[in-house]
Amino acid sequence: MITNNLYNKAKEEMLTASGDDCQHFFVKNKLTLEEAYWELLHNSPQKAAKLFAKIVDKDIRAHWGSFISHLAQGKVQGYPSYFELRNFLEIDLNLFMMYYLGEYIENIVKYADWLYTINPEVHKFIGRVFLKNGYEEYGIFFLNRAKDYFFQDPELHYLLAEYYAGKNAVSLANQAILNCLQILPQYYPAITLQKKLKLNCTE
């Protein structure tokens, strides 16, 4: 019998790249989805794709897993849904960063413009992952790419404002805030950041 504590421990181990004992737990307990992700994160995308295929009709995450396993190899097989991209792309890209799977990431971002046609937030998701992991040049490139494609996203402009504020590029930060508030005047994080910048400028 699987207890929540044992399952959560194994899952946390995989999600934090803190050990490999979880693989045995997943296999022993026939947790195919988790086993497939373990294989994907350990540079076996073909094996992962086969495992995902076994449960693809039962689990939406497996459908996504199958798609991303192929895309990580530079292959397109099937189509992700709008919600799969929204719910899973950013999470998985961050995992690939954690596991140093640069080839996966390179293969996936090559298809960013195509994925955008399914979900217009894709460039923002990618940019945020790069920024979070310290790849600022790539992060800003994709956030600006997102701005070119989907300007009417207030969160996107706030992310740019937050970045520029952190770099003390006040004029760029203020412009990004204005863009954000023109789209959504009550966007609270942008209002708060605007007040903070004004306060810093008067000190």
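## A helix wrapped by its neighbours

Which residues of H5 are buried? They are Arg-61, Ala-62, Trp-64, Gly-65, Ser-66, Phe-67, Ile-68, Ser-69, His-70 and Leu-71. Welcome to this structure, which is a predicted model. With ten of its twelve residues buried, H5 is largely enclosed by the rest of the structure.

What does the enclosing? The buried residues of H5 pack against helix H3 (32–41), helix H4 (45–54), H6, helix H7 (102–109) and helix H8 (112–116). H5 itself covers residues 60–71, and at 1.5 Å a residue it should span 16 Å; its end C-alpha atoms lie 17 Å apart, which agrees. Look also at the start of H5, where a side-chain oxygen of Asp-59 comes to within 2.7 Å of the backbone nitrogen of Arg-61.

## Two nonpolar cores

Next, turn to the nonpolar cores. The largest one has 44 residues, and within it Leu-89, Phe-96 and Ile-126 touch the most other members. Helix H6 (residues 82–98) gives the most to this core, contributing seven residues. Apart from this core lies another, made of 19 residues, including Tyr-163, Ala-173, Leu-181 and Leu-197.

Setting aside residues up to four places away in sequence, Leu-89 touches Trp-64, Glu-84, Ile-108, Val-122, Phe-125 and Ile-126. Trp-64 in that list is also one of the buried residues of H5, and Ile-126 is another of the residues that touch the most other core members.

Helix H9 (residues 122–132) holds His-123. Is His-123 buried or exposed? His-123 has a relative accessible area of 0%, so it is buried.

If you select His-123 in the viewer, you can find its contacts. Leaving out neighbours within four places in sequence, they are Ala-112, Asp-113, Tyr-116, Phe-142, Leu-143, Arg-145, Ala-146 and Tyr-149. Two of these contacts, Asp-113 and Arg-145, also meet each other through their side chains in a salt bridge (2.7 Å, N to O). Asp-113 belongs to helix H8 and Arg-145 to helix H10 (residues 136–149), so this pair ties together parts that are 32 residues apart in sequence. Both partners count as partly exposed: Asp-113 has 32% relative accessibility, and Arg-145 has 28%.

## Charged pairs and a network

Side chains of opposite charge can pair when their charged atoms come close. How many salt bridges does a search of the whole structure find? The search finds nine.

Lys-124 takes part in two of the bridges described here, one with Glu-121 (2.7 Å, N to O) and one with Glu-155 (2.6 Å, N to O). Lys-124 sits in helix H9 and Glu-155 in helix H11 (residues 154–166), so their pairing ties together parts that are 31 residues apart in sequence. Glu-121 and Lys-124 are both buried, with Lys-124 at 1% relative accessibility. Glu-155, at 26%, counts as partly exposed.

These bridges belong to a wider set of links. Glu-90, Glu-121, Lys-124, Arg-128, Asp-153 and Glu-155 are joined in a network of salt bridges.

Definitions and conventions: Residues numbered from 1 in each chain as written. Predicted model: local features only at pLDDT ≥ 70, side-chain atom pairs only at ≥ 80, totals over all residues. Heavy atoms only, no water. Core = buried A, V, L, I, M, F, W, Y, C linked by side-chain atoms within 4.5 Å. Buried < 20%, exposed > 50% of the residue type's maximum accessible area, 1.4 Å probe, protein only. Helix = DSSP H or I, 4+ residues; strand = E, 2+ residues; numbered from the N terminus. Contact = heavy atoms within 4.5 Å. Expected span 1.5 Å × (residues − 1). Polar contact = N/O pair within 3.5 Å; in protein donor to acceptor, adjacent residues only side chain to side chain. Salt bridge = Lys/Arg side-chain N within 4 Å of Asp/Glu carboxyl O.
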